[in-house]
Amino acid sequence: MSSDMQSTGINNSHQQDAMQLLQLLFPDQSWLSTLDGMIIRSNSRVKGMLAGKRRSSQLGSSLEFADYRPYVSGDDVRRIDWNLYGRTSKAYIRQYWDEQERSFNLYVDSSKSMSSFGRGDSNKWLFSLRLAASVGYLSLICEDRVQINLFNELEMIDPIPSLYGKHAKFTLFKHLGQLIHHYRNEDGQSIVDIIGRNGEGLRADMNAAASDLDIHEDWSDMMRAFQSGASLPRRAGVTWLFSDGLYDEGLESLLSQLQARGQEVVFVHILHAEEWTPQLEGELKLIDIETNRKTEVAITPAILSKYEQGVAQFQLTLRQLCESRGIAYYGMNSSLPFMEQFIGLLSSGETISYK
């Protein structure tokens, strides 16, 4: 077999693998075409490092008008607004917003309460990965920078390298598709079990650029991992949190630290239908999936009613916490179709809209 034929065979193999992983991530391939008609909105001006499509706090040479300033010696006379000069007999320079990249930091909760709740496409963790992939895709096609981090109840896991540019969408889909592939093949294990404490298993199949998983075993819990500052964004940008919010403490502090670092925060709160209205009855021993704490309880209509009120209050508290800080909050039900839930973000028009 000639070298050209071998090369063609390898490329075809890679393409087939990529398509299979993309199929796991987005079973309906038309979803990418739908995303192409959307754009992530920004509520603040951006100061980036590279040229992009986001309006910056610096003045530059985009097509979006910013303001006038008086002409001074040395300015390019081609930038003088001659119509304004004709009305005022004074020379003014037209200024435009500079357009630069923006940094998107996507944090996906991979704790046991996410990865072990919901079967098939209704699984909360798979649902959150698809959300992150969609937001990441929209960011990349706008030539922004994207960083995806996984975290659980014990530690931060960072298997996906920083991505930039439209071409990086293939790397994004590959890595997230591989996570789903391993999760489905190892049904019932936690994400840490699948990736491996020592980087075994998934690491062997990762792209060389992501071979070194950033696992910090010294952190006692996820919130300490964030609060240490080691995993917080280092430059101003946008942070999306995809989580069920089922942590005893630390969330309010985390949101404060993110905003203090110049982050425009979006909190996507993901719950399953059975968490709102569990189908339980009789005398049961309930086990906390995160801590393994056991509680024996007799399930009665009154108990279920009180529980449902507690869940509603829990969601309301998170919403109010976010809104009081100017943070966008979106509640999502992983039991409902993913695309339907994502398109629901368009209804507000604040974060995602049609072009």
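These are my notebook entries from a first look through this structure, which is a predicted model.

**Entry 1: the whole chain**

I began with the overall make-up. The chain has 355 residues, and 43% of them are buried. I counted up its secondary structure and found 13 helices and 13 strands. Next I looked up the contacts with a separation of 6 or more, and 72% of these join residues 24 or more positions apart.

**Entry 2: the cores**

Which residues have the most contacts inside the largest nonpolar core? I found Phe-26, Leu-131, Leu-176, Trp-240, Phe-242, Phe-342 and Ile-352, in a core of 51 residues. Helix H5, residues 124–141, gives the largest share of this core, with 12 residues. Apart from it I found another core, of 16 residues, which includes Leu-251, Leu-254, Phe-267 and Tyr-329.

I then picked Phe-242 and listed its contacts beyond four places in sequence. Among them are Leu-106, Tyr-107, Val-108, Asp-109 and Met-114.

I moved on to charges and found 8 salt bridges in the structure. Lys-124 pairs with Asp-244, and their closest N and O atoms are 2.9 Å apart. Lys-124 sits in helix H5, while Asp-244 sits in the loop between strand E8 (237–243) and H10, so this pair ties together parts 120 residues apart in sequence. Are these two residues buried or exposed? I looked up both, and Lys-124 and Asp-244 are each buried.

**Entry 3: Arg-325 and its surroundings**

Arg-325 makes a salt bridge with Glu-252, with 3.3 Å between the closest N and O atoms. This pair links distant parts of the chain, with Arg-325 in the loop between H12 and E12 and Glu-252 in helix H10, 73 residues away. I also noted a network here in my list of salt bridges: shared partners join Lys-124, Asp-244 and Glu-275 into one.

What does Gln-259 touch beyond four places in sequence? Val-265, Arg-325 and Ile-327 are its contacts. The C-alpha atoms of Gln-259 and Arg-325 are separated by 8.9 Å, although the two are 66 residues apart along the chain. Gln-259 is partly exposed, with a relative accessible area of 28%.

**Entry 4: helix H12**

I wanted to compare the length of H12 with what its residue count predicts. Its 24 residues (301–324) should span 34 Å at 1.5 Å a residue, and the end C-alpha atoms are 34 Å apart, so the two agree. The buried residues of H12 are Leu-304, Val-311, Gln-315, Leu-318, Leu-321 and Cys-322. I followed what they pack against: helix H10 (251–260), strand E9 (263–271), helix H11 (273–276), strand E11 (294–299) and strand E12 (328–333). Just after H12, Gly-326 has a positive phi of about 75°.

Most residues other than glycine have a negative phi. I looked for exceptions and wrote down two. Ser-89 has a phi near 60°, and this residue lies in the loop between helix H3 (82–88) and strand E3 (92–100). Ser-89 is exposed, at 58% relative accessible area. Glu-143 also has a phi near 60°, and its loop runs between H5 and strand E5 (145–151). With a relative accessible area of 28%, Glu-143 is partly exposed.

**Entry 5: a surface patch**

I finished on the surface. Tyr-71, Val-77, Trp-82 and Tyr-85 form a nonpolar patch there, with about 410 Å² of accessible area together. Tyr-71 lies in the loop between strand E2 (51–70) and H3, and is partly exposed at 31%. I also looked up Asp-76, which makes a salt bridge with Arg-78, the closest N and O atoms being 2.9 Å apart. Asp-76 is partly exposed, at 31% relative accessibility, whereas Arg-78 is exposed, at 72%.

How values were computed:
Residues numbered from 1 in each chain as written. Predicted model: local features only at pLDDT ≥ 70, side-chain atom pairs only at ≥ 80, totals over all residues. Heavy atoms only, no water. Core = buried A, V, L, I, M, F, W, Y, C linked by side-chain atoms within 4.5 Å. Buried < 20%, exposed > 50% of the residue type's maximum accessible area, 1.4 Å probe, protein only. Helix = DSSP H or I, 4+ residues; strand = E, 2+ residues; numbered from the N terminus. Contact = heavy atoms within 4.5 Å. Patch = residues over 30% accessible without salt bridge, like charges linked within 9 Å, V, L, I, M, F, W, Y side chains within 5 Å. Areas by Shrake-Rupley, 256 points an atom, 1.4 Å probe, with all protein chains shown as cover. Salt bridge = Lys/Arg side-chain N within 4 Å of Asp/Glu carboxyl O. Expected span 1.5 Å × (residues − 1).
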